[in-house]
Amino acid sequence: LTALDAALVVSEAFITQLQEAFLCLPPATYETVRKKLNLVPLPIATDLMDQHSDNSRSRQRAPQVTFNHAPIQSKRPDIFARVMDRVMSEFSVTSLFTRRFIASDFGAEAVLGLRTKYGERVILGHDFDIRDYYRALWASDFQVSTATHETLGIATLEAMYTENCCILPDIPTYREISANCRAALYRPDDEELYRVIVAHLQNPTAAKAVAAQLKEAARKYTADVIVEQLLPILERATAG
C-alpha cells in the first residue's frame, strides 16, 4: 500500500475498517497509507437496468420478496429462509432466490427445504442471465439482506435502483448506501427481521415510499457520478 500512488476504496465504512486495522502500523507508515485511501464506489449498470424495466409490478399477483445474494456464510441465506418460512405461512407472498443453490452451498438445506414446502411460491433463479436478473428485480416488491458484513452492497444497490423496498441490517455499509433510511434498516435479529417484513407487507403505501427514497439514494452510484469522483484522484496521482 505504501508503494501505491492511490488506493480506491468502495465505501466510507470500508475506509473506516481499514484505518482501524492499520492502527497497528508504525505512526509514520499509518499516516502514509491513510492518505492514499480514496472513496470511489463501484458503479451500477443503470442504463442496462432501465432497458429491462417492463412494468411487471402492475400485474395482479402476490408480493414478491427477493434474496439476490451469493450462497455463502457471510450472506446468511439460512436466516432469510428461516424467517421467510414464518412469513410465508402467514401471508400470501412469494420468495425469489436469484442465485443457484446446490446441496453443498451454505444455507442450501434451508433454501431447498423452503422450495419443497411451498412449491411454486419459492422461485429458484439458478443464476439468472443478466437481462433476466434485472427483469426479475423490476418485478420484485421487496429485497432482503441478511449479510453480516458488506464492503459496498452492489446487489442491494441494484435492488434499490429497481424500486424495491429493501430491508437491510443496520450495519455501517447499509446505512451509508441507503442514506441512513431508517425505515429500511433493522437490528440484525430473526424476530426483528420478521417484524419489519410484516410491517412493510401490511402497509404497501409506506413500502413504496421507502422504495422511492432508496432509488434516489442509489442514483449516487451511477457511472457518471462515480467517474466524477475518480478523475480528480487519477489527475493527482499522475500529476508528477
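**Chatting through a sheet and its salt bridges**

Biologist: Let's start with strands β3 and β4: how many bridges join them?

Modeller: Four bridges join strand β3 (residues 64-67) to β4, and the two run parallel. Two strands count as paired if DSSP finds at least two bridges between them. Strands here are DSSP runs of E with at least two residues, helices are runs of H or I with at least four, and both are numbered from the N terminus.

Biologist: And what kind of model are we looking at?

Modeller: This is a predicted model, where local features need pLDDT of at least 70 and side-chain atom pairs count only at pLDDT 80 or more, while totals for chains, interfaces and linings use all residues. Residues are numbered from 1 along each chain as its sequence is written, and side-chain values use heavy atoms, with hydrogens and water left out.

Biologist: Back to β3, then. Which residue in β4 does Val 65 stand opposite?

Modeller: Val 65 has Ser 95 opposite in β4. To get from β3 to β4, the chain passes through helix α4 (residues 77-90), and this β-α-β crossover is right-handed. Right-handed means that, with the strands pointing away from the viewer, the path from the first strand over the helix to the second runs clockwise.

Biologist: Are the faces of β4 covered or open?

Modeller: Both faces of β4 (residues 94-97) are covered. Thr 94 and Leu 96 are buried on one side, and Ser 95 and Phe 97 are buried on the other. Buried means under 20% relative accessible area, exposed means over 50%, and partly exposed is in between (1.4 Å probe, protein chains only).

Biologist: What about β5?

Modeller: β4 and β5 run parallel and are joined by three bridges. Leu 96 has Ile 123 in β5 as its bridge partner. Together with helix α5 (residues 108-118), β4 and β5 make a right-handed β-α-β unit.

Biologist: In what order do the strands sit in the sheet?

Modeller: The order is β5-β4-β3-β6-β7-β8, six strands in an open sheet with parallel pairing. At the edges are β5 (122-124) and β8 (185-186), each pairing on one side only. In general, strands of a sheet pair through backbone hydrogen bonds, either parallel or antiparallel.

Biologist: Which helices lie across β6 and β7?

Modeller: Helix α7 (residues 154-161) lies across both, running at about 155° to β7. Helix α9 (residues 190-202) lies across β6, β7 and β8, at about 165° to β7. The axes are lines fitted to C-alpha atoms, for helices over the stretch in contact (heavy atoms within 4.5 Å). Angles run from 0 to 180 degrees between N-to-C directions.

Biologist: I keep clicking on Gln 143. Where is Gln 143?

Modeller: Gln 143 sits in strand β6, and it counts as buried because its relative accessibility is 0%. Its side chain makes a polar contact of 3.0 Å with the side chain of Asn 68. A polar contact is a pair of N or O atoms within 3.5 Å; within protein, one must be able to donate a hydrogen and the other to accept it, and residues adjacent in sequence count only if both atoms are side-chain atoms.

Biologist: New topic: how many salt bridges does the structure hold?

Modeller: There are 16. Each is a side-chain nitrogen of Lys or Arg within 4 Å of a carboxyl oxygen of Asp or Glu. One of them joins Glu 163 to Lys 215, with the closest N and O atoms 3.1 Å apart. That pair links distant parts of the chain, 52 residues apart: Glu 163 is in the loop between α7 and β7, and Lys 215 is in helix α10 (residues 204-218).

Biologist: Is Lys 215 buried or exposed?

Modeller: Lys 215 counts as buried, because its relative accessibility is 10%. Glu 163 is partly exposed, with a relative accessible area of 35%.
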